[in-house]
Amino acid sequence: MHSYLACFKAACRARYDIHDVLYNCPKCDGLLEAQYERGSVDAAAWKHLWRERRMDNAPLNQSGVWRYREMFPFLDDLSHVVTLREGNTPLLDGPRAAQYGGLARVTFKHQGFNPTGSFKDNGMTAGAAQARRLGMKRVACVSTGNTSASMAAYASAGGLDPLIFIPHGNISYGKLAQALEYGAKTFQVEANFDQILALVRTLAERLGIYLLNSINPFRIEGQKSIVIEMMDQRDWKVPDWIVLPGGNLGNVSAFGKGLREMLELGLIDKLPRLGVVQAKGASPFYEYMAAHAAKPFHAEMNPETLATAIRIGDPVSWPKAQFEIDTSKGVVERVTEQEIADAKAIVGRCGIGCEPASAATLAGIRKLTAAGVIDREADVVAVLTGNVLKDPDYIFKYHTGQLQAPGGIAILPTFGNKPIVVANDADRLATLIG
Ligand code: F0G
């Protein structure tokens, strides 16, 4: 099996060796992707093999990423893999959320069940494997929090030194705490995500550090496993829609690539439509697509949202995301801070819970059903990207009516659930309980 890197730009398609340390095409600066020269594939045999592996105790087969390794065969030696048994995330029904979202039924694919609590683990296990295969010693990323938590864990588990760069004061404590606990050298830079990414790209080149942001094509290969596992869990029945939040737009790029490849290989019989949801204060991709990509892509210089995971104004993967939205006849939506906060409380009431950025998914579905874009009876998988405990501060403030959107605008606790402070008095408690 021959694997190589290719420029994503249709007009270029230059090829590079799979061992080259590249993040952009040296010829045209386009994004890169991993490609494979495959012989003929027996789709039924692969499906059977992947089911068998679920019953197997070998670490790679227990991983919900590497179980599907035939779909991203870029390694010739699997001993480079670091696995924390990532993936294996459930499909969950949320009847209350379905009703709120204007649907007869909705299924959540909850990536917050990953080892470090977000979908980043699906990609990081692949990126860390490539770093080890290349003999890299130090790895780095810029992050709004989840990538850094994940990279810190996988690097430390795999004997690499993690260096992380985060916007000072704008990531949740849960995520920062993870990075510290997993042993990453952590720099809180006084700049926003987009500015720090530009800085770190220069530093990585100068110091020979391997960059593990989602611009890294191997991260994208690992994240394909989210939709592959989703189809496996659905017995290969393709939903009408897959809806997910969009920040740097790596995940939608990975979903689109994974789905197209499954279609080409005969594993599925059609493409689902992709729905990407952005926070209104950080929605450059929404703006671009709403104008039918007629004007040049325009970065948002001051992105603002309490959903800090998606507080990104200059998403690197927008050309890939545009291609995947167009190919799948998808849509891009955006939602307000209030819509995110209320949708998040509803996901919580389902007994499921998620972090703010993930709740953009349900908020977006609610808008898209109201607008008649998604049909009430449609088969919809809503991807929740991060765990409820990633940002407890946001939760406490919402339920106690103290949450404020950027600019000081109060967020109403529409579904608030305030804790009750009470004296040590049985009668008083009995009255309150009712
Ligand atoms: N949801 C969560 C919880 C995230 O952490 C992110 C991205 C996204 C959605 C958006 O995904 O960037 O692929 O479009 N977090 C990155 C980080 C940027 O640094 O952790 P995307």
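## Salt-bridge criterion and model basis

A salt bridge is a side-chain nitrogen of Lys or Arg within 4 Å of a carboxyl oxygen of Asp or Glu. The structure is a predicted model, in which local features need pLDDT of at least 70 and side-chain atom pairs count only at pLDDT 80 or more, while totals for chains, interfaces and linings use all residues. Residues are numbered from 1 along each chain as its sequence is written, and side-chain values use heavy atoms, with hydrogens and water left out.

## Overall fold

The chain contains 15 helices and 15 strands; helices (H or I, at least four residues) and strands (E, at least two) are DSSP runs numbered from the N terminus. Along the principal axes, the C-alpha atoms fill a box of roughly 75 × 50 × 45 Å.

Among contacts (heavy atoms within 4.5 Å) between residues at least 6 apart in sequence, 69% join residues at least 24 apart.

The structure holds 23 salt bridges. One of them joins the side chains of lysine 175 and glutamate 355 at 2.7 Å, N to O. Lysine 175 lies in helix α6 (residues 173-181) and glutamate 355 in the loop between α12 (337-349) and α13 (356-370), so the pair ties together parts 180 residues apart in sequence. Lysine 175 is buried at 1% relative accessible area, and glutamate 355 is buried at 2%.

Arginine 234 and aspartate 379 meet in a salt bridge at 2.5 Å, N to O. This pair links the loop between α8 (217-233) and β10 (241-245), which holds arginine 234, with the loop between α13 and β13 (380-384), which holds aspartate 379; the two residues are 145 residues apart. Both count as buried, arginine 234 at 14% and aspartate 379 at 18%.

## A helix-to-helix pair and a network

In a further salt bridge, the closest N and O atoms of glutamate 324 and arginine 260 are 2.7 Å apart. Glutamate 324 belongs to helix α11 (residues 318-327) and arginine 260 to helix α9 (residues 250-264), 64 residues apart. Glutamate 324 is buried at 2% relative accessible area, as is arginine 260 at 17%.

Salt bridges also link Arg51, Arg54, Asp232 and Asp235 in a network.

Technical notes. Buried means under 20% relative accessible area, exposed over 50%, partly exposed in between (1.4 Å probe, protein chains only).
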